[in-house]
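Hi,

Here is the structure I promised to pass on. Please open it and keep it beside this email while you read.

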Amino acid sequence: MSDPRIAGAGVTHFGEHPERTGRDLFAEAGLEALSAAGIDPEDAEALYYGNFMGELAEHQGHQGPLMAEAIGLDVPATRVEAACASAGAAIREAVKTIRNGEAEVVVVGGAERMTNIGTAAATDALAIAADDLYEVRAGMTFPGAYALMARSYFAQYGGSREDLAHIAVKNHEHALVNEHAQIQKEITVEDALEAPTIADPLGLYDSCPITDGAAAAVLTTEAYAAEHDLDAPVAITGTGQGGDNLALQDRPHLAQTPAADKAAEEAYDDAGVGPDDVDVAEVHDCFTIAEVFAIESLGFYERGEGIAAARDGETTRDGDLPVNLSGGLKAKGHPVGATGVAQLATVAWLLDGSHPRADAVPDGTVGVAHNAGGTVASTTVHVMEVQE
Amino acid sequence: MTESARDGEYDEWLDSIESGEGYYLECPNGHGWLPPRQVCPRCHERDLSRVDLPDSGEIASHTTITVPTPQFEDDAPYVTAIVDFGPVSVTGLVRDVDPDEVAIDDVVGLDVGERVTTGERAVVFRPR
């Protein structure tokens, strides 16, 4: 069994590109990844592709073969859908395909076109990741769902909107040098606290933007990388996925994300590492409170302790464990089906020293990517390590 | 399926709330669920029976939503809450109370109302 090496990655600018089709966005990312890998496209043997709302945003299903065609590949191509964790789930399929010896070169990616349909329709499309009968029909939106979780967290463990504001400030600051980021704008705690409310206690700066974009990576075996003299020092050494009841109302806790606990435990066990070994993390901060859930589920903090991490400077770029050096979903943007692979690319670039924030982790050898779908009813965690 | 088809046991459940005979489904180990449900996902029991919903429950969490989906455009701002009825929790709209006054542990009863925007039925909580 060979842990897949990340031979190359490509990410489009994340932002508002309402007139660019999904296939055009994915072609940019996919071709960039193939070029960066230096792999003959004829050697690619499969594509796993994440996308969530293509039917609603572009009236386009069956996107697997469409996207393979867009990057010039004639390979079996499968779309993977797990809401906002679609690309994370696609990575797992790619990892398994390489590990079980079915293929030596696999392309994994994702794309989402969202801004072309406007905020209201995008809000509606995102809402269908919740339970239609029992949540959407009760007026649930995604900010609303995370607001319910945030209020429950505050009631159970403490914490405040100001703590959340520090997470937004941190991630905006991290994104300032990331040319892929949708928002490159510094904000203050006061800016965040004074922003309009979307679903109390969450305001505009607690939420990620609506984003168009794509990401892709080329995975290969250690043997193929050696044979072709590829520069691919980072391997995916652990993969995990967890699930939970779809509807919040059916879960024992509103202030914990056990699907992420399970995914993290599985990925750590798979890699043979633990939370103390991790040097850097990209986590799914679709809302500021989501970053708190993520860093607690990943074992970096005890329950109720993660809320203070950004405020105390522990997860900032000069802290002990930088989180979301890309700017996270909060500032980098969140083209839903692309996010998991963009996180993978970011961690790989941070570990190989090519990311503009790599100076925050100069000796980093272990990174994790946490990608959550819905209100964390689906979660994937991947561990990446620099190999000798 | 026609445009007017009902959503099976979900609409039947709303009917039961409207007639004052609301129920939930319970497995032999006491886990509660809302219909439609054919198996308890916690313990795999398939022998689910209808049990009367309590008259009231307590708000577990709530939010006032100001940026809605199009189906709730004219409802906004509105309060959505998860209410704990013991073995089962229900998500719905909180009505007949100032949004600023809604609080965790408030006691509410279950009802069926209408969405302002579309006129469609919706689960509604009112203070008890």
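This is a predicted model: local features need pLDDT of at least 70, side-chain atom pairs count only at pLDDT 80 or more; totals for chains, interfaces and linings use all residues.

Side chains of opposite charge can pair when their charged atoms come close. Below are some of the pairs.

Start with A:D24 and A:R20. They form a salt bridge, and their closest N and O atoms are 2.7 Å apart. A:D24 is partly exposed, at 34% relative accessibility. A:R20 is partly exposed too, with a relative accessible area of 23%.

Next, look at A:E58 and A:R113. Their side chains meet in a salt bridge of 3.0 Å, N to O. This pair links distant parts of the chain, 55 residues apart. A:E58 sits in helix α2 (residues 54-58) of chain A. A:R113 sits in the loop between β4 (105-112) and α5 (118-127) of chain A. A:E58 has a relative accessible area of 24%, so it counts as partly exposed. A:R113 has 16%, under the 20% cut-off, so it counts as buried.

Then find A:E291 and A:K170. This salt bridge brings the closest N and O atoms to 2.8 Å apart. A:E291 lies in helix α11 (residues 288-297) and A:K170 in helix α7 (residues 161-175), both of chain A, so the pair ties together parts 121 residues apart in sequence. A:E291 is buried, at 2% relative accessibility. A:K170 is buried as well, with a relative accessible area of 3%.

Finally, turn to chain B. There, salt bridges that share partners join B:R6, B:D11, B:D15, B:E18 and B:R121 into one network.

Best wishes

Notes
Residues are numbered from 1 along each chain as its sequence is written. Chains are lettered from A and ligands numbered from 1 in the order in which they are written. Side-chain values use heavy atoms; hydrogens and water are left out. A salt bridge is a side-chain nitrogen of Lys or Arg within 4 Å of a carboxyl oxygen of Asp or Glu. Buried means under 20% relative accessible area, exposed over 50%, partly exposed in between (1.4 Å probe, protein chains only). Helices (H or I, at least four residues) and strands (E, at least two) are DSSP runs, numbered from the N terminus.
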